[in-house]
Every structure is written in structure tokens, then in C-alpha cells.
Amino acid sequence: MNRSNETSPVMGFILLGLSAHPKLERTFFVLILLMYLVILLGNGVLILVTILDSRLHTPMYFFLGNLSFLDICYTTSSVPLILDSFLTPRKTISFSACAVQMFLSFAMGATECVLLGMMAFDRYVAICNPLRYPVVMSKAAYVPMAASSWAAGITNSVVQTSLAMRLPFCGDSVINHFTCEILAVLKLACADISINVVSMVVANMIFLALPVLFIFVSYVFILATILRIPSAEGRRKAFSTCSAHLTVVVIFYGTILFMYGKPRSKDPLGADKQDLADKLISLFYGVVTPMLNPIIYSLRNKDVKAAVRNLVAQKHLTE
């Protein structure tokens, strides 16, 4: 057997997606398209009002605007490709496009991990040290905090994507996924992926374990402070400012830890059911979570609702 033929440069990949389940493809095309439109509308409105309404020029809403922009970027890097795969019989993607898509999705995911930790710190200062909040969370502090989140996520994505795409790939170059998901791509490598596994473990520790630990410790102090509030109404109001963030954290980290907690280089036994489950979990993480974020965290917020009403009223007055 000629080994050189097996490891010749790959010009592109075939995305398997749900090819084995054509009925599911039609159903998920409609569902994901509707969810994507909701993501664009919900997050887009949130970004708009946080920019236009001066009352929302606070650290919390600045972080929320970044979160919404992240969700739009993340879904836009993958959802159009997923929708196209549901309609195209032969689902192909070039090598360079695969690398770009992997980079964007990885960068947005890692950035969101760090940003959620920054948002937990914002809530900690607001509840545990309210008198110092304007000083600690000044514009000179929260803007660099958000920028460092982006820088960390992009740097990690550059490392992970470059390590993955430099590998030689064998066989028919079929990615058993909707997109160029890094674990699915690594399964096609015909070389040692030990460095990739080590780098992903380190990245998991930095972008998953450390932010989760930081968020947990922050909420221990937040809970202790809330329990010391004498009135029940005061405790309820204080907790209500954190409940939405906590819900988003549980959904986001719960799903991503399940997906990326243990990098795998080989297919598990019972591949058909396991692969389908992995793909559906990936859809949940990639589409449902960004759709829920503005609903859970922002669009039910009284300040945001008031800002949206003012924006609509101003539009009517100008017409």
C-alpha cells in the first residue's frame, strides 16, 4: 500500500451531518432557521438598545452587549453551513473554509467562557461591595476586562486551530458532524494527536475549570451576602439580579463541559447512537443556548423593556 497516497494534502472535507436521517434534516432545517432568526432579532435588539439608551451605559449591560455580539458571531459562523448541509446532497467544505469556521466558533466559545466569569465578578462587586461598585467597575476597568476576554479567546483559538489543521488527514475526509468541529476533525488525522489532546486539556482547565471555579466562589460570597439582608424583599431583589446570569452559566457550561470535557481521538463503541446524540447536543449548544440568552438574561429585564419601548416610540415619532 502506498502510504503517500493516504496522507496527500486534503483540499476539502465532506460534512456528514444528518445524511443518515433525511427526515430529521427537513425538520431541523425549519427549526434551526426559526431559531437563528430569533437569535439575530433578540441579540440584535439588545445590542441596539444598550448602545442607544444612555441609561444602559453600565458595566452589566456593556457585558450583555458583548455577550449578544458573541452569540450572533458564533451562530453565524456555523448555522448557515448547517442549514446548507440540510439542503445539499453532497455537503462539502474547502480546507481553508473549514479552518476559518473552526477558528471563529472556537474563538467565540472560549471568549464567552471568560466573559461569563467577568460578569460573575460584576455581580459580586454590585452585591457584596455596592458602595465601591462605581470605583471598582469604572469604564477604565470593565472595558479592558471585556477586551481581555476577546483576546484570550482568540489566542486560544489560534493555537487550537493551527495545531489541528497542520495534521495530515487520511481516508475519505468525511467529518461526522454538521461543521468543522475540532473533535470530529481530529478523528480524521493519521498522525499522533497527543499534542492536540494535551493542548485541549490545558485549554479546558483555563477556559472551563478556572472560570467555573471563579463563578462558584463569587456566588458563595454573593449568597452569603444575600442571606445577611434582613428583609425578605431585599433578599428577593438581590437574588433576582443574579438568577438570570446563573441560569445562563448552568446551560452554557453544562453543555460545553459535556461536549469538550474529555477530548477523544477514536470513535466510541455504539457509534451510530453516540454520534447522533453528540450531534444533537452540539445543536443545542450552538443554537438553543444563544437563543435563550437574551430571553433569560435581558429581554425580561425591566430596564431593557423600557429601553425597547422608548426606541419604538422614537421611531414612530420620526415617521
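Predicted model: local features only at pLDDT ≥ 70, side-chain atom pairs only at ≥ 80, totals over all residues.
**Sheet.** I looked up the strand order first, and I found three strands in an open sheet that reads E2-E1-E3, with mixed pairing. On the edges I noted strand E2 (92-94) and strand E3 (174-175), each of which pairs on one side only. For strand E1 (residues 12-15) I recorded antiparallel pairing with E2 over three bridges, and I noted that Gly-12 has Ser-94 in E2 as its bridge partner. I then turned to helix H4 (residues 95-128), which lies across E1, E2 and E3 and runs at about 85 degrees to E2.

**Helix pair.** I took up helix H6 (residues 139-165) and helix H8 (residues 194-227), whose axes come within 10 Å and cross at roughly 165 degrees. Because of that angle, I describe H6 as roughly antiparallel to H8. On the H6 side of the contact I listed residues including Ala-152, Gly-153, Asn-156 and Gln-160, and on the H8 side residues including Ser-199, Met-200, Ala-203 and Phe-207. Sorting the residues of this contact by type, I have seven nonpolar, five polar and no charged.

**Annotated spans.** In the UniProt record, an unreviewed entry, I found the feature "transmembrane region" at residues including 28-49, 103-121, 141-159 and 206-227. I checked two of these spans against the model. Residues 28-49 are 100% helix and 0% strand, with end C-alpha atoms 31 Å apart. For residues 206-227 I likewise noted 100% helix and 0% strand, and the end C-alpha atoms lie 31 Å apart.

Definitions and conventions
Residues numbered from 1 in each chain as written. Heavy atoms only, no water. Pairing = 2+ DSSP bridges. Helix = DSSP H or I, 4+ residues; strand = E, 2+ residues; numbered from the N terminus. Contact = heavy atoms within 4.5 Å. Axes fitted to C-alpha atoms, helices over the stretch in contact; angles between N-to-C directions. UniProt positions renumbered as here; feature names shortened; annotations may be inferred. Parallel < 35°, antiparallel > 145°, perpendicular 65-115°, else oblique. Nonpolar A, V, L, I, M, F, W, Y, C, P; charged D, E, K, R; others polar.
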